[in-house]
Each structure stands twice: as structure tokens, then as C-alpha cells.
Amino acid sequence: MAWLVLVLLGLCAITFTLSRVVPGDPAAAYLGPRARPEQVEKVRVQLGLDRPLPVQFVFYMRDLLHGDLGESLRTHRPVMVGILGHLPASLELMLSAIIIALLVGIPLGVLSAKKENTLTDHLSRFFSVANVSLPSFWLAMIFQILFFRWLGLFPIGGRIDTVVSLVNPIERVTGFYVLDALMTWNWPALKSAVAHLVLPSVTLAAYPTGLISRMTRSTMIEVLREDYIMTARAGGVSEGEIHFVYALKNAIGPTLTTAGLCFAYMLTGTFFIELIFFWPGLGTFTTNAIYLNDYPVIMGVTLLMAMLYVTVNLLVDLLLAVADPRILLG
Amino acid sequence: MKMPCNERLGKRDFYKRDYLRGMNLILRNPLTTFGLGIILIVIITALFAPYLSPYPDQGRGFSNLDERLLSPRLKHPLGTDNLGRDILSRIMYGARISLKAAVIVVLIVSSIGVPLGLLAGYLGGKVDEVIMRFADMILAFPSLLLAIAIVASLGPNLINALIAISLPWWPWYTRLVRGQVISLKEMQFVESARAVGASELRIMFRHILPNSLSPVIVQATLDMGYIILYLSALGFLGLGTQPPTADWGVMVSDGREFFLTQWWISTFSGGAIFLTVLAFNLLGDGVREALDPKIRWKFQRT
Amino acid sequence: MATENNNVPVLSIRDLRTYFHTQEGVSRAVDGVSYDVFRGGTLGVVGESGCGKSVTALSILRLIPTPPGEIVSGEIQLEGQDLLGLPMKKMRSIRGNQISMIFQEPMTSLNPVFTIGNQLSKVFRLHQNLSRKKADKKAIEILYACEIPSPERVMNAYPHQLSGGMRQRAMIAMALGGNPKVLIADEPTTALDVTIQAQILDLILRLKKEFGMAMILITHNLGIVAKGAQRVVVMYAGEKVEEADVSDIFERSQHPYTKALMNSIPVLGKRTKFLEEIKGVVPAPFRFIPGCKFADRCPEVIAQCLETRPQPRERERGHWVACFC
């Protein structure tokens, strides 16, 4: 636990250092090009930039603990508000992606392990390697051309059809369009929201699916070699049950850990996916900030995402302890 | 003082035998050979781009505004981009950037990561703790995110992008080397070296270091694919190579404007990234399988 | 083959051949083995590691992994019913039900992420179609029968929380749950502490009598054979070399290999300088050997042994030997 605090502290230190490495004067950037020297000086004092670095870090930490990540250079609105406002859209995307990745990746891995070294196995392994090698931004564009331009099956981007959002606007409950539409029985909006969710989440799910299926396959292969599988077979248990119950429960650990690591990928992957699919989430928020050199936003997002990542991994560790009785009771 | 003979025999001989047997096993798998083939093509293209590419000037960045946005045809097999430059040539020149980047990043990462891992593993104690804690802190960040933040702070150009990719990457190597060193330092040949009077420094560099490099080399080769992927991601965001230099990621981004109609710009450049990364991954899988003793033992007890 | 009270074989194996196809060649793990197991009897199968005794047992239940392995030919019958041609679904209803098997390593033979109770009651749920509650009740009963103290606690325990001896008892309970006709015990005590070995063996023999099962007791330990078996089959390099009543095997063995085995048992009280050993090594299973597989180590070898393979012949009543001597 103390270790966790240390890590978080370290994260803050790193982001703080980065934000002070920025070329140019943050105060001048804050005011814009037409500011006069006295104004810049005033803002410098205001922002605490005239104090020695360690003091600045203390102020930084203090602000952090109050949830203050600074203000956007562009809009002058608090970074935290911007992040929180854009967060649900990204979360909806990431959750859909990880669900798809687990639902496709795990059975694929189990099947591949079951039919080790057959054509099915080789094909699915190739599929997994390909998934892991795809640049997400490229895949997104290919999907757009394929499914929007040529096949006309899915929309090119956005979260919801503009017409639908005007005629059947979604009541905001959780910020998740699909959930909210479902909860308020808003069928046209639900249809539109789901249709818009498909391409982006499948694209984001590609890399995790590949990783998860590879990990599941290799762990399953090892588990299937174990003696207790032989015992179960000698007892007359069916093959299906052996693979998906007896073996999988043993193999699921590393797969879950991998899923946790995928979260890191998805945090950054979402930048590209949102950019290409015009998805109004954290990624779009941050990429705009990158183009405009809006450092407080960039640093704030980095810090927050890092903290989120650490938390998710912690949760995964807890889940693992539940799934494998040896960890808790051992 | 010369070291006694028997010390030289150590894990180095083991690895040599394994390499030869491994090469045989690697080449047996068609997918791995395919990956190796693609990588060789990329390397040759990168080295000889000025001689191989049909329009080297355009590859380097000179525009040809008469032939903008031409679809793939005999004269331009992969089409031209919005400045009339031949895509095939640009992709070939892009290979130079990608490979250069991969090699440079590997060098930077190794020069930071390996010595730190050596120190942490060999000296142990407080040194080990400090180094590993620092490494873990960096690893707590999603690496691409950290890279983006670093480039955003330093300013977008290729060199900063390479630094930005290297900084989140070195901790993996530190961990890798540290693990190796820890298992090596308990071995007999270290005892005998000490008994003969070698200094700690000498033991570290002359005995332990060479023997712990093999997994690093393997890992570095496999990582090259991902380094290229990261660089192209940064390029796509405009945070890496700057125009007019040909860079696959930048090309994909450039093509985005015209993507729905002039699809060839982004498709082929992105395809180059995909194939290269795929090739490295296939090679990596093949190498890993070839060196894994467990997989070769299919026959169980009687 | 009758020297039993019952002339009816429960299980009969005829000319079984199980081969493994590997990169190094074809390994003839079981190369023409035949024996019978009688109702209520105990058949000990002895031999060195790698002689094929376990593979024969796995072949009975068709547990041989089929990409490298293959039951090439032969017949296996359970009370007259052919097993090798049975569809897998029917085979699965025989496993753990009419024929059960316990394995050597209790440490690794139980699934670490499920409780003992879960794994044990599975047997009852699967083969007797009982509800969860009823199955759990029966599980507790059988744990009692296996001399496990506080069965309720053990039901909720995980394998790693139990000692080796307890785990083996749990395995025995699992095997007995379906009230099988035949119990195959593959080196059931080898991996246990010496002090526990006798306990477990006694338990198995007692339960066998109570449940009225036939048993195949596979071991390389001649002491266990002496204690537990009524008839003994001696195997070497995938073949049966001798079969007889247990007393005949120990006192009047006829095959040179068996004789050498008996000679190598150290006798309490007799002081020797060296332990007797059998010179040479077991032939690699990939080599095809035209004649007798023991020929290169046999002190009584004659020319015919190198050319033709000796088949088991009934020399005396109930005593079969595969030798030209």
C-alpha cells in the first residue's frame, strides 16, 4: 500500500518535471502573444513561477490534492472539468473494446490450444499475430473505407446520428449513450448509438484480442499438460467441460493480467481511434491540446491516465487473488 | 592476471549450440521464414533506396505538382500523394527512417537499461531498490502516453521522438538484465573468479555482462517492430519526423484528408507499417519457439 | 487362464499394441500384451520404468493422447463388451464409473483451483445424476470410508491445504465413487512418504474387498506386489515376459528377467559386497528388435532368441512364460 503511494508520488514528480521542461514561458503562453511584459510578470507571480522549483512542486501537489490540474491555455477552463466531461465517451469505448476482446480472444485461445498444431491452430495464431501488429489508426481508416464507403453498413464516425440526437435526445444518466438509451427506453437512440459504437470499439479491440488469445492459448497448452487434467478425463468428464471449466479456471490468471496491461494500450489507442472516428472523448480532447501546445491539458491527462492505469492493475491483482485460491489461502 | 581456462567455458558455449539448432528450427516454420524474408527486404530497401526507388528525388521530398493524386498505374505502381510524389519511392525512403529509428532507439535503450540492470542485479541492496523503484515508476505509465507527453514538452522532431520512445522503454531492459545477473552471480564461475582475485568491477564487466546479453539481443530484435509502430504513431500525430522527410506514419496522416477517394496514400504507407511489424513479430515468435525446450518435448512418459 | 476362484475375467486384454509417433521414430510402448483380470482378484503388473505397464492401463481407458499416440491393434473387453470400438460418449460413461484409475502423484493430480468437495461430488453428479446436495452427502460418506478425519472440513478445502497422504485418500475416494468393477492403481504409493505408504496400501486393499472390485496394481516395487497381488504379470520393454500366481513368481520364477529381478532383491540378514544388478540397459523403444528384447542382457540366451520373438506359453497350470529356455 505504501508502495502504491510512492508510485503515485513518483508519477506526479515525473509529470511535474515534464511540464517545467516545456520550452518557452508558460505565463506568456497563458496570456497569449499580445500580452504586455507587466501582465506576463503578474501572471508569473500568480502561477507561482517565480518561486524555486521544490516550492513549485509543493504547490503543484497541493493543487493536485484539491483536484486542480491547472487551466487549459486555450479555454482557460479547469483541466479537470474538461477531462471529466470527456471521460464517459472514452470509457464507453474502452469498455466495449475490452468486452469484445475477452469474448473473442478467450474462446479463440482455448480452441487454438485444444487443436494444437492443426490448421485451425495455425490460422488463429496468424490472426492473433496480425491483430497485434496492426497500427490502430490504419485499421480504423481501412474499416471506414470498407464498411462505410464501400459497404455502407456503418456510419463513418461520431457517437450518434445528428438527426436522432435532435429528435430523440438521450437523457444523460451515466454518460454512456448505450446504457442511457437503454435505461430510458429510447430505441431510435439506442440503435444509432450502438451502430456508431461498432467500428471504433472493434478497431480498439484488435490489439487486445490478439494479446489475449495468444496468452490464453499458451497458458491453456501448459495447463492441458497437467496431471489433474488426466484425472478429470479418467473420471469421465466431457472434453468441453475439461477445456472450458477445469482447464480454463487455471489458465485465466495470466489472461486477466494481460487484459490489465491492455488497458494501457487502450488509454493511448483511444487517442487515434477517437481522432479518426470523430469520437468526442478524452482522446480528441488531448489530441487537440497536442496540436495547440496546451501543456496543462497534456500533463493533466497524462497524470490522470497513469493513475487510472495503476488503479486498474491493482484491481486485476485483486481479481487474480479471488480466482486462484492458492494466493489467498496458500 | 590471466583467468584459468575452465572459466571461459560457461554459458557462452551453451548459447552457441542453441543458436545453430535454433536456426534450423526457425527456418522450419514457414511463417517465421516469411517474417525473416520481409525484414530482409525492408533492410535492403532501406540501405539501397536511392538506387532501388524509381523516383529518388520524390522519395527525398521534392514535389511534382503536375502529377498529384494519381491512382496506382504503371508509371506509379502505388500512386502519388497530394504533392505528386511517388508513393512507392516514399515508402522506400520511409524504410530508412524506420530502421534508423529502430536501431538508434535500441542503442539508447540498451546503453541506459543494461548498465542499470547490471548494477541493480549485481550490487543488490539499496542500489537495487532505488533503481528498480525508479524503473517501476516509469513502467506505471502507459508508455506511448509518456512518449507523447515527452515529445510535446520537448518539441516535435525526429530526435525528440526517438528520445521520447527510449525513455519509457529502458526499464524493460533493466529488468531483463537484472534477472539474468541475479541468476548468474550465484554460479560457479563467479566464485572461481573471485577466488583467483578478480575485482568486483572486473567480474561484472568481463564475466557477467557478456553472458547476460543474449536475451537482451533477442528482446531487442523483437522490439524493433514495436519501436517502428511507436514512431509511426507519433508521426501520425505530427510529433515525430517532420515533412518533407518520408515517414510512414506521417504519410498515413497526410493521406487522411483524401482518404475516402484517394485511398492509396494512407493504405499503402500503413500497409508498410503493418507488414514490417508483422514480420518482426513472426520472427520473434519463431525465435522464441525455437529456443523453448518445453515445446520440443512432445513425447511424454511411458 | 484359471487359477482363480472365479473363472470369469472382468477385464481381458488381447494382443494390445500402443505406439507413439514422434520425431525420433515410432516408439512401441506396448507391443503385443495380453492378460486377464478376474472378478475380485488383484493383478500386480511389475516392471521397470518405461516397460509399458502404465501405457497399457491408459490404453484400457483410452486415455492415450492421440496425436502422438495410437492404439494400433488389439482387443480390450470389459465383461465381454469391447472397449476399443466404443464411441467416446459411451467410453466416458465407463471412465470413473465402471473402471476407475488412481495415479501416482497426488500433489499434481488434483485440480488446484477447485475444492476437494467439488471434484469429488462431480463423480456422483456425473455418473449417478445426483443433485448437488445429494452428491455432496455421498462424497462425505466416501471420505469417511477412506479414513479421512473431519470430512466436512476437507470438502471445503483446496488440494494444496492437504498433506500428500490425505490427497491420495481423496483421489481414492474419487475413484471409488462410481463403485467401479475394476480399479487401476498406477504406482499409488510411490510418491508418498514411506511411513504413509503402508497405510494407503492397506486402505486400498481393504476397500477393494469391501466394494468387491477387481484391481490392477501397477508398481515397480516388489514388496507391494508381494503384499497385495494374487497374480502377477511381469513386463519388459512393452511385452509380457511372465505371468503366474504371486508365490510362483517369487519362488519359482522361470523367465531369466524375472529370476534376475528376484535375485536383485536384497535379503535382510544376508551380507553381500555388491548389490546384484542386471547388466546392460533396456532397449530404446524406437529400435525394432526382431527377436527377444531381453536377449542382449540374458544369461541364458541361445541363437533362436535373436531371431524369433518368444510368445507367452503356459508351462505349468496358470504359469505363462515367454522364453525359449
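This is a predicted model: local features need pLDDT of at least 70, side-chain atom pairs count only at pLDDT 80 or more; totals for chains, interfaces and linings use all residues.
The crossing in which helix 7 of chain A passes helix 10 of chain A is right-handed.

Next I listed the residues that meet in this packing. From helix 7 of chain A they are A:Ser136, A:Leu139, A:Ala140, A:Phe143 and A:Phe147, and they face A:Leu199, A:Thr203, A:Leu204, A:Ala206 and A:Tyr207 of helix 10 of chain A. Sorted by type, the residues of this contact come to 8 nonpolar and 2 polar, with no charged residue.

**Helix 13 of chain A**

I then turned to helix 13 (residues 282-291) of chain A, which is mostly covered, with 7 of its 10 residues buried. I wrote down the buried residues as A:Leu282, A:Gly283, A:Thr284, A:Phe285, A:Thr286, A:Ala289 and A:Ile290. What do the buried residues of helix 13 of chain A pack against? I find helix 5 (79-114), helix 12 (239-277) and helix 14 (295-323) of chain A, together with helix 6 (143-154) of chain B. After helix 13 of chain A comes A:Asn293, and its phi is positive, near 55°.

**Chain B**

For chain B I recorded 12 helices and 0 strands. Of its 302 residues, 46% count as buried. I also checked the contacts in chain B between residues at least 6 apart in sequence, and 70% of them join residues at least 24 apart.

**Strand 9 of chain C**

In chain C I began with strand 9 (residues 231-236), where 6 of the 6 residues are buried, so this strand is largely enclosed by the rest of the structure. In a regular strand the side chains alternate between the two faces of the sheet. I looked for this in strand 9 of chain C and found C:Arg231, C:Val233 and C:Met235 pointing one way and C:Val232, C:Val234 and C:Tyr236 the other way, all of them buried.

Strand 9 of chain C pairs with strand 3 (residues 42-46) of chain C in the parallel sense, over 4 bridges, and there I noted C:Val46 opposite C:Val234. With strand 10 (residues 239-245) of chain C, strand 9 pairs in the antiparallel sense over 6 bridges, and C:Tyr236 has C:Glu239 as its bridge partner. Strands 9 and 10 of chain C form a hairpin with 2 residues between them, and C:Ala237 in the turn has a positive phi of about 50°.

**An open sheet in chain C**

My last entry concerns an open sheet of 4 strands in chain C, with the order 2-1-4-5 and antiparallel pairing. Which strands are at the edges? I find strand 2 (25-38) and strand 5 (81-82) of chain C, each of which pairs on one side only. Within this sheet I followed strand 1 (residues 9-22) of chain C, which runs antiparallel to strand 4 (residues 69-78) of chain C and is joined to it by 8 bridges. In this pairing I noted C:Arg17, whose bridge partner in strand 4 of chain C is C:Ser73.

Methods
Residues are numbered from 1 along each chain as its sequence is written. Chains are lettered from A and ligands numbered from 1 in the order in which they are written. A residue is buried if 20 or more other C-beta atoms lie within 10 Å of its own, exposed if 12 or fewer, and partly exposed in between; C-beta atoms are placed from the backbone. Two residues are in contact if their C-beta atoms, placed from the backbone, lie within 7 Å. Two strands pair if DSSP finds at least two bridges between them. A crossing is left-handed if the near helix is turned anticlockwise from the far one by less than a right angle, and right-handed if clockwise. Ala, Val, Leu, Ile, Met, Phe, Trp, Tyr, Cys and Pro count as nonpolar, Asp, Glu, Lys and Arg as charged, and the others, Gly among them, as polar.
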